[in-house]
Protein chains: 2
Amino acid sequence: MSLLVVGSIALDSVKTPRGEVTEVLGGSAVYFAYAASFFAPVRVVGVVGDDFPEHHLDELRRHGVDTAGVRRSPGKTFRWKGSYEGSMNEARTLAVELNVLGGFDGGLPPSFLDSDYVFLANGPPAMQHRVLDQLPAARLKVADTMNHWIRDTRDDLARLFRRVDGVVMNDQEVRVYTGEENLPRAGRKLIEEGLRFVVVKKGEHGSLLVTKDEFFVLPAYPTTEVIDPTGAGDSFAGGLMGYLAHAGDFRLPDLKRGLLAGTVVASINVEGFSLDRLRAITRDDIDARSDAFRKMLRF
Amino acid sequence: MSLLVVGSIALDSVKTPRGEVTEVLGGSAVYFAYAASFFAPVRVVGVVGDDFPEHHLDELRRHGVDTAGVRRSPGKTFRWKGSYEGSMNEARTLAVELNVLGGFDGGLPPSFLDSDYVFLANGPPAMQHRVLDQLPAARLKVADTMNHWIRDTRDDLARLFRRVDGVVMNDQEVRVYTGEENLPRAGRKLIEEGLRFVVVKKGEHGSLLVTKDEFFVLPAYPTTEVIDPTGAGDSFAGGLMGYLAHAGDFRLPDLKRGLLAGTVVASINVEGFSLDRLRAITRDDIDARSDAFRKMLRF
């Protein structure tokens, strides 16, 4: 299945207890696409400024990512600056420069209009709606969002949730959106709004899958080398959606194995800054850790 | 194997978003013993005041708990008053009355001196040491503790950890004791101090087992009915140790299945105040939820 992601392409400056980097490749669409492309070809839609190094796009293309949907606009690339402390469960945003991302409208190139699987990374719901408008025949539509949109554009978001099959959101977002603290109950509330599945990302605590009839919980892989959690959630979603696109279906067993794929890719991603660790591995490394994790979980 | 627990016996007053109770049966030794006695006979050591209702002890005895180690001292029973808010992950202690627990010395009756498996619930390390002094032939010794003792009696605690086989501690305690935020690394640090295994309780996020060579992670059972988390950690430890006492061994496969037993009993316990839910179930109910959980975790 063809897999399309719409999201941000960024230059990130990040400080963690394990080190510091400046203006490295980042953004939700980048982490998602790189992670997903271990499993299936990926089409990426986003915007960069005229300052964005072309070699970053070359690198994505070499990894099986079609960048025909990346528009280069006059101006500067989106920049994010953040830091993590302690258990690194939460990013502290120090600075955001939207730059060209502020004018991003989610327009797709003609060659992307037949995409089967679609992931709408965090972004303005109005833009996410416009992407779906262009993809009436997509078979699987999944969205992420963040507190900002839940607070300011809740109606647009509720309408979006009625148009997609699933969401991948973090625990705090699910709690804020539903007003329900118990995560399984919160997930069920979202299902009642018409979603087929809800994936709750809990950072170092793993993830929870909720469908109409089932719950599935998966801990995070217990890595001892957390260097930088930036992109953990997006690489998790990329592993999940990449696996589903590869499997060509999204029944419960597919979703479970997709969660495993996402969990493993994210656990490798956080072992370095930017895409450093993902750049250094192959699909075999992912499979090896997946096997070790499955064995670890067996009784 | 005979299983002994030393800990508190309390009258708890608890308020949660789901309700409120006053002076109900509680305490670490009580939750542990009731949970463990679904799997194996349990010996309980603790102290109550002359105000403690005898029917509480009758109830424990009817559930396979030997109360020969419960001393009745002149004075009032230990009381704890606390509340939970939001996701109920952390108790807010509103009042503690040590009462007779302040004079508790951990003395064992002669009939308990041949105990094989021992669990030292949270308490002063000096008292925990005294219990071990009386049990030179115990085959498996496991301890819990809390931040208070880590801060004030660290040397006693470090010495205790060199005398026991394993610890069952919550995530924050493990982080504070080791000074390490990453839980798998923190667990390894404890192993390097000579422990055979470390179980980290993460509340609604499940648990982590660390041994010299292995990690094992288990999410919490995704119950939608969290009424009162009081006793979750102690009933988890009770299920774990009860399972091990029943199995008669504590190799990695036993520990994994023990974690499952603890997880399931704790998930039932939090569905009511005090022991309300555990009182209403049988071993069959635990096995049914264990089977459902194993199935949920299967790919």
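Predicted model: local features only at pLDDT ≥ 70, side-chain atom pairs only at ≥ 80, totals over all residues.
A polar atom of the A:Thr77 side chain lies 2.9 Å from the backbone nitrogen of A:Gly49. The A:Thr77 side chain also makes a polar contact of 2.7 Å with the side chain of A:Asp51.

**Setting of A:Thr77**
- The residue A:Thr77 belongs to the loop that lies between β5 (65-72) and β6 (79-84) of chain A.
- A:Thr77 counts as buried because its relative accessibility is 0%, below the 20% cut-off.
- Although A:Thr77 and A:Asp50 are 27 residues apart along the chain, 7.3 Å separates their C-alpha atoms.
- Leaving aside residues up to four places away in sequence, A:Thr77 touches A:Ile9, A:Ala10, A:Leu11, A:Val48, A:Gly49, A:Asp51, A:Phe52, A:Glu97, A:Asn99 and A:Val100.

**Strands β12 and β13 of chain A**
- Strand β12 (residues 207-211) runs antiparallel to β13(A), and four bridges join the two.
- A hairpin is formed by β12(A) and β13(A), with three residues between them.
- Within this pairing, A:Val210 has A:Phe215 of β13(A) as its bridge partner.
- In a regular strand, side chains alternate between the two faces of the sheet.

**Relation of chains A and B**
- Chain B is superposed on chain A by a rotation of 180° with 0.0 Å of shift along the axis, at an RMSD of 0.0 Å.
- This is the relation of a two-fold axis.
- Both copies use the same surface, as 100% of the contact residues of chain B recur in chain A.

Conventions: Residues numbered from 1 in each chain as written. Chains lettered and ligands numbered in written order. Heavy atoms only, no water. Least-squares fit on C-alpha atoms with pLDDT ≥ 70 in both. Contact = heavy atoms within 4.5 Å. Buried < 20%, exposed > 50% of the residue type's maximum accessible area, 1.4 Å probe, protein only. Polar contact = N/O pair within 3.5 Å; in protein donor to acceptor, adjacent residues only side chain to side chain. Pairing = 2+ DSSP bridges.
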